[in-house]
Amino acid sequence: MPCPQFLQWGFCLDQELCPHLHATRASDSLYQHYTLNNNQPHFFLPPSPPPTRRVEDKFANANVQDFKGKLYAICKDQNGCRFLQKKIEEKGENLELAFQEIYSHFTELMTDPFGNYLCQKMLEKCSDAQRTLIVKTVAPDIVKIALNMHGTRAVQRLIEYISTPEQINIVTSSLDADVVTLIKDLNGNHVIQKCLHRLSAQHNQFIYDAVCLHCIQVASHKHGCCVLQRCFDHATTAQKTQLANEIARHALTLVQNPFGNYVVQYVLELGVSDYTESVIRQFVGHVCMLSVQKFSSNVIEKCIRTARPNTRRLLVAELINPSAMEKLLSDSFANYVVQTSLDYAEEDQRADLVECIRPLLPMIRATPYGKRIHSKIYRENKPAMCHKSLKSHHRHRQYNSNSSNSSGGSVLDQFEN
């Protein structure tokens, strides 16, 4: 039977795999008919989709033994990789055969778009002895693999399944020198986070040492600030103290950074009084300067909320400055610091703050934040004024009621007379 695809197009995508007869005469090809005859309209039908089923068929009823000596080649093929994963799941001898041919190529396969999935499956199913061989094979290039978009998943799976002290020591020693590089990388930072999640505090200590040594560099990076927060989540008390002390030492720099300020806020949110105080004390003497900055103003607000009373007084005292208050009230960030101070300052200090603000109210009253500040200042007077008004209203009603009863007329009649 002639091949319909060859008749229409003059060629067949199946080539030698096609079971049909391929015509060789030009008159048998519609493609040649339309291209050779200039008087006919040139139109073509869309090509048929490539026949993927026939490629899959060669793996349909096959065994791993059928591809012995060729396993490395089919690892990098999508269908071949799926075939091997399925066979490894079925029988242990398939794993052994695949392992012997593939483990020496693990470094390359871990970064392959398809091969990395087979590597992950083998790491999951292999024995500790086989896993140790794999670890020793990939250790010299593990950082390069971790930085790769495909390799990072394979390295994470490797960390997930290593269990013996030898395996753990080889992996951590290989990562030790490049912790900061990995943390700052889009793919590599997930490998460090997997270490924090899966390994013990003792085996993760190399991460904490590297982060503390390069605290500003890590905390000021978009990926680094997230990893540093995860370091707190998985840390022991000693490791938390190590991190908190280092962050407090650099707090004045970090609080002004777009990413570093989140690290400082995270320390404040831990709720550990000693950590909070060590950080907040770094801002004493710099409150007005930090209040007018976009990132640090948020942190100063949080400091005023969480500080101990004595430390809060030091922070608020810097705001009670007539020469600086005008700028603070008109600033789009600092005005929120002033509002927070009005909410959290002690009574005597709040009164001083109000007296410092009051002469400037007419200047800012028309602005949205000026209205809020005005309402905060006068909110305490409202209950007293309302109480006085109610008493006056009550006496007035009582007087009118008595007058009405004595004259027999209404209150409105009395006002009209």
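Residues are numbered from 1 along each chain as its sequence is written. In this predicted model, local features need pLDDT of at least 70 and side-chain atom pairs count only at pLDDT 80 or more, while totals for chains, interfaces and linings use all residues; side-chain values use heavy atoms, leaving out hydrogens and water.

The protein has 31 helices and zero strands. Both are DSSP runs numbered from the N terminus: helices are H or I with at least four residues, and strands are E with at least two. Of the 417 residues, 43% count as buried. Buried means under 20% relative accessible area, exposed means over 50%, and partly exposed lies in between (1.4 Å probe, protein chains only). Contacts (heavy atoms within 4.5 Å) were sorted by separation along the sequence. Among those with a separation of 6 or more, 64% join residues 24 or more positions apart.

The largest nonpolar core holds 108 residues. Such a core is a set of buried Ala, Val, Leu, Ile, Met, Phe, Trp, Tyr and Cys residues joined through side-chain atoms within 4.5 Å. Ile102, Phe283 and Ile357 touch the most other members. Helix H15 (residues 201-213) gives the largest share of this core, six residues.

Ile102 is also one of the buried residues of helix H6 (residues 92-102). The buried residues of H6 pack against helix H4 (71-75), helix H5 (78-90), helix H7 (106-109), helix H8 (115-125) and helix H9 (128-138).

Helix H8 also meets helix H11 (residues 151-161). Their axes come within 9 Å and cross at roughly 5 degrees. Axes are lines fitted to C-alpha atoms, for helices over the stretch in contact, and angles run from 0 to 180 degrees between N-to-C directions. The angle makes H8 roughly parallel to H11. Angles under 35 degrees count as roughly parallel, over 145 as roughly antiparallel, 65 to 115 as roughly perpendicular and the rest as oblique. H8 contributes Gln120, Leu123 and Glu124 to the contact, and H11 contributes Arg153, Ala154, Arg157, Leu158 and Tyr161. By class, this contact has four nonpolar, one polar and three charged residues. Ala, Val, Leu, Ile, Met, Phe, Trp, Tyr, Cys and Pro count as nonpolar, Asp, Glu, Lys and Arg as charged, and the others, Gly among them, as polar.

Helix H27 (residues 347-357) packs with helix H29 (residues 368-378) at an angle of about 135 degrees, with axes 11 Å apart. H27 is therefore oblique to H29. Arg350, Val354 and Ile357 of H27 make the contact with Ile373, Lys376 and Ile377 of H29. Four of these residues are nonpolar, none polar and two charged.

Ile357 touches Met325, Leu329, Val338, Leu342, Ile373 and Ile377, not counting residues up to four places away in sequence. Leu329 is buried, at 0% relative accessibility. With the same exclusion of residues up to four places away, Leu329 touches Asn335, Val338, Ile357, Leu360, Ile364, Tyr369 and Ile373. The C-alpha atoms of Leu329 and Gln339 are separated by 9.3 Å, and these residues lie 10 apart along the chain.

Ser297 lies in helix H23 (residues 294-306). Ser297 is buried, with a relative accessible area of 2%. Beyond four places in sequence, Ser297 touches Leu290, Ser291, Phe333 and Val337.
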